[in-house]
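Here is a walk through one chain, from its overall build down to a few side chains. Have the viewer open while you read.

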Amino acid sequence: GKIIEVNDYPEARKPGYKLKIDFGLEIGIKNSFSQIVALYTKEELMGKVVLGVVNFPIRKIGPFESEVLTLGVLDGEGKVVLIVPDKENAVIGGRLS
């Protein structure tokens, strides 16, 4: 999906962003909470294409409902590094394979 909106979420216990991610016509726009503030600014996340799992149950983080698990891996310091396609022609809403 493509990140189309990024907002702070100070209500969360651990720092993170509320994301709106566009997964294309079939899936639509979904909300995600992601603890990626240590390595990413809101400005650099806007428009970024990311991988996400859209068929997990909704997870409530306070009053916010996270509908998508945005995928990442931990670096050597325990900070989340996003998993992103390495080619620009990745299809928005395409399936992981």
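What follows goes from the fold to the cores, then to rings, charges and one serine.

This is a predicted model, so a word on ground rules: local features need pLDDT of at least 70, side-chain atom pairs count only at pLDDT 80 or more, and totals for chains, interfaces and linings use all residues. Residues are numbered from 1 along each chain as its sequence is written, and side-chain values use heavy atoms, with hydrogens and water left out.

**Overall build**

The chain holds two helices and nine strands; helices (H or I, at least four residues) and strands (E, at least two) are DSSP runs, numbered from the N terminus. Reading from the N terminus, the order is β-β-α-β-α-β-β-β-β-β-β. The radius of gyration is 13 Å, close to the 13 Å that the globule rule gives for 97 residues, so the chain is as compact as a globular protein of that length. That radius is taken over C-alpha atoms, and the globule rule is 2.2 Å times the number of residues to the power 0.38. Along the principal axes, the C-alpha atoms fill a box of roughly 35 × 30 × 25 Å.

Of the 97 residues, 29% count as buried. Buried means under 20% relative accessible area, exposed means over 50%, and partly exposed is in between (1.4 Å probe, protein chains only). Among contacts (heavy atoms within 4.5 Å) with a separation of 6 or more, 48% are between residues 24 or more positions apart.

**The cores**

A nonpolar core here is a set of buried Ala, Val, Leu, Ile, Met, Phe, Trp, Tyr and Cys residues joined through side-chain atoms within 4.5 Å. The largest one has twelve residues: Ile3, Val6, Tyr17, Leu19, Ile21, Phe23, Ile36, Tyr40, Leu45, Val50, Val68 and Leu82. The largest share, three residues, comes from β2. To see how one member sits, click on Ile36: not counting residues up to four places away in sequence, Ile36 touches Tyr17, Leu45, Val80 and Leu82. There's also a second, separate core of five residues, which includes Ala12, Phe33, Ile61 and Phe64.

**Rings around Tyr9**

The model has two aromatic pairs. Rings of Phe, Tyr and Trp (its six-membered ring) pair if their centres lie within 6.5 Å; planes under 30 degrees apart count as stacked, over 60 as edge-to-face and the rest as tilted. Tyr9 and Phe33 make an edge-to-face pair, at 5.7 Å centre to centre with 70° between the planes. This pair links distant parts of the chain, 24 residues apart: Tyr9 is in the loop between β1 and β2, and Phe33 is in strand β3 (residues 29-34). Tyr9 and Phe33 are both buried.

Tyr9 also pairs with Phe64, this time tilted, at 5.7 Å centre to centre and 50° between the planes. Phe64 is in strand β6 (residues 64-66) and Tyr9 in the loop between β1 and β2, so this pair ties together parts that are 55 residues apart in sequence. Tyr9 counts as buried because its relative accessibility is 4%, and Phe64 counts as buried at 12%. Put together, ring pairs link Tyr9, Phe33 and Phe64 into a cluster.

**Salt bridges**

How many salt bridges are there? The count comes to three, where a salt bridge is a side-chain nitrogen of Lys or Arg within 4 Å of a carboxyl oxygen of Asp or Glu.

| Side chains | Distance, N to O |
|---|---|
| Asp8 and Lys42 | 3.0 Å |
| Glu65 and Lys60 | 3.9 Å |
| Lys79 and Glu77 | 2.9 Å |

Asp8 in strand β1 and Lys42 in helix α2 (residues 42-45) are 34 residues apart, so their bridge links distant parts of the chain. Asp8 is partly exposed at 45% relative accessibility, and Lys42 is partly exposed at 28%. In the third, Lys79 is partly exposed at 28% and Glu77 is exposed at 62%.

**A buried serine**

Last stop: Ser32, in strand β3. Is Ser32 buried or exposed? Ser32 is buried, with a relative accessible area of 0%. The side chain of Ser32 reaches the backbone oxygen of Val68 at 2.9 Å. A polar contact of 2.7 Å also joins the side chains of Ser32 and Thr70. Polar contacts are pairs of N or O atoms within 3.5 Å; within protein, one must be able to donate a hydrogen and the other to accept it, and residues adjacent in sequence count only if both atoms are side-chain atoms. Leaving aside neighbours within four places in sequence, Ser32 is in contact with Tyr17, Lys18, Leu19, Ile21, Phe64, Ser66, Val68 and Thr70.
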